[in-house]
Amino acid sequence: MRKPILLFLLSCLLQAGLFAQTAVSGRITDKNGEPLIGVTVAVKGTNTGTSSDVAGRFKVQVPSADAVLVFAYTGYQNKEVAVGNATSLEIQLDETASLINEVVVVGYGAQKRSNISGAVSTITSEEISELPILRTEQALQGRTAGVQVTQNSGSPGSALTVRVRGTGTINNSDPLYIVDGIPVDGLDFLNPNDIESINVLKDAASSAIYGARGANGVVLITTRSGKRNQEGKIRYESYFGVQSTWKKANLLSAEQYAILSNEAHIAAGVKPLPEFSNPAALGQGTDWLDALFTTAPMTSHQISLTGGSDKSTYSISGNYFNQEGIVGGDKAAFQRYTVRVNGTHEVKKWLNIGTNVGLTALTRNGLAENNEFTTPLVRALNMDPVTPIRKADGTFAYSRYSDTDITNPINAIEQTHDRWRSNRLVGSVFGELTLAQGLTFRSAYSVDATFASQGIFFPRFDLSNDPVLSDAPAGEKRLINSVVKNDNTWRNWQWENVLSYQKTFAETHVFNFTAGTTALYNFHEYSGGANTNLPSNDPDDAYISNTIDPITTQSAYGGADESALNSYFGRVNYAYDDRYVVSAAFRMDGSSRFGANNRFGYFPSLSAGWIVSHEGFWKGDLINFLKLRASWGQNGNDKIGNYSFTTVVNSGQNYTFGPNQTITNGSVSLRAANPDLKWETITQTDFGVDMELLQGRFNFTGDYYIKNTSDMLYAAPVPLTAGTEAPVRNVASVKNTGLELALNYRNRDRAFKYSVGGNISFVKNEVTSLGNGGEPVFAGRVQSANASVTKTEVGQPIGAFFGYVTDGIFQTQQEVNEGPFQNEATAPGDIRFKDQNGDKIIDENDQVYIGNPAPKFTYGANIDFEYKGFDLGIFLQGSQGNDIYNATVRYDFTYVNRPVSVLNRWTGAGTSESEPRVNLSDPNQNARVSNRFVEDGSYLRVKNVQLGYSLPASLLKKVKCDKFRLYVSAQNLFTFTKYTGLDPEIGAYNGALEAGIDRGFYPQARVWLGGVNVIF
Amino acid sequence: MKFSKLAMLLALVLCLPIACQKDFLDRKPLVGASEENFYRNAEDAVASVNAAYAALQFEISPAGHFRWFWGDIMSDDSNKGGSGDNDANELLQLETFKGPTNTDLLEAEWLADYEGIYRANTVLERVPAINMDATLKARILGEAYFIRAWFFYNLVTVFGGVPLADHVLAPSEYNLPRASADEVWALVESDLRKSVAALPLRSQYAASDLGRITKGAAQALLVKTLLWEKKWSEAQTIAEEIVGSNEYQLVSNYADIFTQAGENNTESVFEIQYMNASGGNWGKNNANEGSFTNVFQRARGAFGGFGFNLPTDDFVAEFFKEGSEDPRLKSTVFRVGDAMGDRGVFTLDATGGFPHKYYAKKYFNNRSEEAPFGDPNPNGDSNDRVIRYSDVLLMHAEAAQHNGNENAARQSLNLVRKRARGANNAILPDVTASGTALLDAVYHERRVELGLEGHRFFDLVRTGRAQTVLGALGYVEGVHNMFPVPLSQIQATNNAIKQNPGY
């Protein structure tokens, strides 16, 4: 690798001779004569250039009278002007609708969109700021084809599931996030208002430059910076919103509950409960969901300052964000303060330095979410309606009927004190040397350090009427309080060195070379402790040393882990005459996570594009731009755990010795090490087309890809001769194929401006191998059936639902006798399960695939209007063809509430063909995993509607204000879905194998919001 | 910028990270010992051999593979039992020699044996490099050789030739094919010889080491191995070394052997330790120290057991062969009307709808002996008496008879009978027969003395009597003397492992 670089360095040094210089100056305006600030002025074929100042003025040295100046400005058409003998120029630029000249951030560089031969999607700051969002991932939802984003929970600050081009592995499928060149885990620290652009590298050719980390896509986030010669701007942005639930589940009233309880007792041969002898007297009862949901505020204030001199740029911002939850209110609140300082300075003609630093202090209050055991939601959905929220004396009531997990949800929230505080610094400093014309060397050192502490307090409480008698069930009292403290530190650093060279030969051959190295080190340490019995029951007094119990009852624990990455990479871009573009990249990654026998991975890629519309034969009246592109590449997924290659010696393999049979420790490692362990490899081929019609008003991008994951990590069962558990090995594979289409129409010529856009993504996912023997993986255990819901096996998509199929209800004993045998207790009114193999016995062999949590396609659409200061934006987002397994009803418990659909139960021959009889004990296992609980999860959501008004510029000029905009918006205004649960947007939980299972997911809020943007 | 600066810069960019890369990328776990940094001292060595001992306790991995499944149920001594034909139906199919090749039970046997072998191999590979007391190291290696031999002994007697995993297998070696039975026997023999040479006598161990493998245990298993190999002369010699060591003595009252007090008694040669005091669970590789045998063999219904291993009429009749009832029957079989310890009297009505005439008694435990907390079922406390001194004496008698030393044979045999008859001189007179009659007397004695201790089926196969005795049940010599290799293992190795003939 070294030699070619030296050679071309030499060649470029030879070229970097001295030029005869003359100065040209001028002024750049738009068609209304307003000065354009920050227009790039370049001398064609050289690296010389400048940009226009606040008055639109520029001054540039040109080598000769033959020189041609190129003026480029985002949103305007490029203009080339031959200098000739002129020393002063008046330049007017025309607006364009075209996006092909926009500059797109790619890995370790930036490229003009027209010259990109890979598949890269961009999300602009305008699109990001349209939605009031907490986490940056939310901005990706519905905005780009090929990126599927699902909110895992509506709880503020909760992580999202992001999948670039399908689920690439049964392990960790999250993309790599790079913020200003720094790889980061988790985006909750980042203030979305600070973001300038997000670029998603989707195909392997684009992401191969990230090698072993790029397999599941790369999300490049660039934060705002100032521009040279830019007048200082002060920007204030603020909004306030109110969140509330948009849907409630229909559950039984107390009267209905009592009626069904009586029936269920009788069916089981048990005497009904005496207090339910007159159900009508119980009336409506408690609406637990109504009691659970609250309206919750969300607020954001941001002030930012940007600008630049002829040598420096700066961008400084501060933000306060606060969001409470619609379940739990401040018990689920997320609060964040961020400060960001980005700046650059030209120290010497040949040296630029800069820094990007972001500081975040966040607090998140944790409420149990997404499980069937302890969440307030599952409790509210299952708590009987007979029990009141509070007793007559005002204290919380407890249920006489509900079992273990289902306790009073309102009290449970009250008793939750779980606070996570984290301080995070993500920052870098860099220096950029211009070594010769077109040749730069950049070195950046960055740090990502997080210091987080968590405090959990379990207060004393007792819902019993009489604390002495303690008659409340175990879940409704805690007689001894306790405190837990956890500390986490993450310390990561990265040092990157990149050499770039750009050279144009004979005006038509444009070369870009990039080569560099990275060293990255991650370290995580945790420690914590706990103790019981505090004299004070006030959460503010909850410290371990405040406990009464002796020090010997304290528990303490701690540990650490680390990883390191060392990489070398290079890329060559070549464009011929703006007609043919070719790009080749290569990366070599050495990682401590890989086994000793596979310490380094090698990731090549190749892509090519043909800009057909730049050919001489092209008659571009209708289609003004057409590019065909193809790419191929390989990259890796290194999210395989830090030490999977080795094995830890397990103690506790005991035996007893001695006359008193003393248990004596034995130690052995129970899993084999795998020194061959390596990354998961993705090989992806992509075919794409980019097209613009009607002078850029209409643009279209389409991509088809085949993405094969091989070497997927899986502990495939091994011959038992091994004597140990199967080592994790690179044995499995998955294939994703997909089609992505994006269309936009923009008309900005008239006073009434509008744009309409949409994107749609189809993905097909299939497991192609699970290694030797191919034993399937079962996952997604749900408590209501006490069984796994998903099965992953060769030939099927990852994590498809697997279970029995219902075939109506047994109406008579004769039907039971004649039907396939289910079990001894099957009776009329029970579900008839389908005898798939025709052996007349319903057993595990009659389970089949009953649903797929992956959508057939996902889509997004936006419509924006602008007229005389008014703007209206509508953003839709949806998912089609995905199934949801509804596990929110705890059928494993006898006395819990049920959805109103149970009112259609079977009560005698001919009364129901779908809803089985009620019975205390469910002897037929009607609640087993079956298609009875699989629902269509498709939805279309009006994600955002925003109406704004900007005061006219003429008025604002008087107060020296550039912009003053007021707006109102509604988020999640409408959701169209057949799903009966609280929210159809259900992501993956516990990894890729458990997607689309509703365990009482925290639903998303509907938000009404008003805001103001001021720039001056 | 001049060229020299550039070159320096390039050197910096490209070389600096490389210079430190070797250490930079080498990251071992910071918490917990990895294999590389365990095995440092005597304590680690002891812990590693203890883990191999733990494998001796495996009975459900995750399906059952009790020694009495193969030794007793497969023979004419007992039937499967349980809650009917569907309860562990595979066991019924195996017992009637219908030969299913895909049973969880045999797969579990295979798995547990190889887990034990892996653990012993780990000791044999890791411990020699540890800098520690040489005597202790030699002992630990001797224990590991025995444990490896024991699991290969189980494999070769159940399956015949098996993959000879005589070291910790690398993932690339997992598809190891089967070795011949002779090769496996050779390894068992050589491991046991090393073990005999390295291990101390029972009396030389500290009291706190009670339960560890002794020289006597290794010698006894070696005698058994030599009998399988029909090496009569050496078998007799080594059996006599055990006798001559004066380490073992028959307990006076046969009925005491299978009581709690009878654990690790003077005639205990090789005994797998189980206890009832830990919170056990039903998982594989469980950390509990208890046995499942107690609950599996106890009668159902009021006795809270699963009712497996039901003695046959033919087995009970063996105890009456000499005219009167052999007193050992009382300690071996529950009959209707017997008190089942503190759990009540055995009546047909009390067994929960499974009115069998006989239940196995040797691994019966009283309610008062159950685990004080947790699930008692996986926490049975009866030690598994694998080799008792009377077995050694009977093996000696058998070998001596083959060697023509009939006096020596009769002497050993009559020692066992003498203890059985106790004070009652009217029964079980000394055997005076010779030739085949003497051999038959030894065989009879084995059946009644060692009944329901997991020996019978293997004794029949080993002595060539299986076709005669079990033929009526479906046994075919040349097929059923070995159980089928688990089908899953043939598939998992892509047919590198071949099935036994006849299956």
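Select strand β5 of chain A, residues 68-72, together with β6 of chain A. The two pair in the antiparallel sense over 4 bridges. This is a predicted model, so keep that in mind at every stop.

**Stop 1: a sheet in chain A**

Stay with β6(A) and pick A:F71. Its bridge partner in β6(A) is A:K79.

**Stop 2: strand β51 and two partners**

Move along chain A and select β51, residues 1006-1015, with β17, residues 233-244. These strands pair in the antiparallel sense over 10 bridges. Highlight A:Y236: its bridge partner in β51(A) is A:V1014.

Which residue of β51(A) stands opposite A:Y967? Select A:G1011 to see it.

**Stop 3**

Switch to chain B and select B:A144, B:L221, B:V223 and B:V392. They have the most contacts inside the largest nonpolar core, which has 221 residues. Now colour helix α7 of chain B, residues 134-159. Helix α7 gives the most to this core, with 15 residues.

Zoom in on B:A144. Leave aside its neighbours within four places in sequence. B:A144 is then in contact with B:V49, B:A52, B:A120, B:V123 and B:L124.

Another core, of 73 residues, lies apart from the largest one. To find it, select A:Y239, A:I413, A:I831 and A:F933, which are among its residues.

**Stop 3: where the chains touch**

Show both chains. The contact takes 60 residues from chain B and 62 residues from chain A. On chain B, select α1 (3-19), α2 (21-24), α3 (42-56), α6 (104-126) and α19 (487-492). Each supplies at least two residues of the side that touches chain A. Which helix gives the most to that side? It is α6(B), with 8 residues.

Finish by colouring this side of chain B by class. It has 35 nonpolar, 16 polar and 9 charged residues.

Conventions. Residues are numbered from 1 along each chain as its sequence is written. Chains are lettered from A and ligands numbered from 1 in the order in which they are written. This is a predicted model: local features need pLDDT of at least 70, side-chain atom pairs count only at pLDDT 80 or more; totals for chains, interfaces and linings use all residues. Two residues are in contact if their C-beta atoms, placed from the backbone, lie within 7 Å. Ala, Val, Leu, Ile, Met, Phe, Trp, Tyr, Cys and Pro count as nonpolar, Asp, Glu, Lys and Arg as charged, and the others, Gly among them, as polar. A nonpolar core is a set of buried Ala, Val, Leu, Ile, Met, Phe, Trp, Tyr and Cys residues joined through C-beta atoms within 7 Å. A residue is buried if 20 or more other C-beta atoms lie within 10 Å of its own, exposed if 12 or fewer, and partly exposed in between; C-beta atoms are placed from the backbone. Two strands pair if DSSP finds at least two bridges between them.
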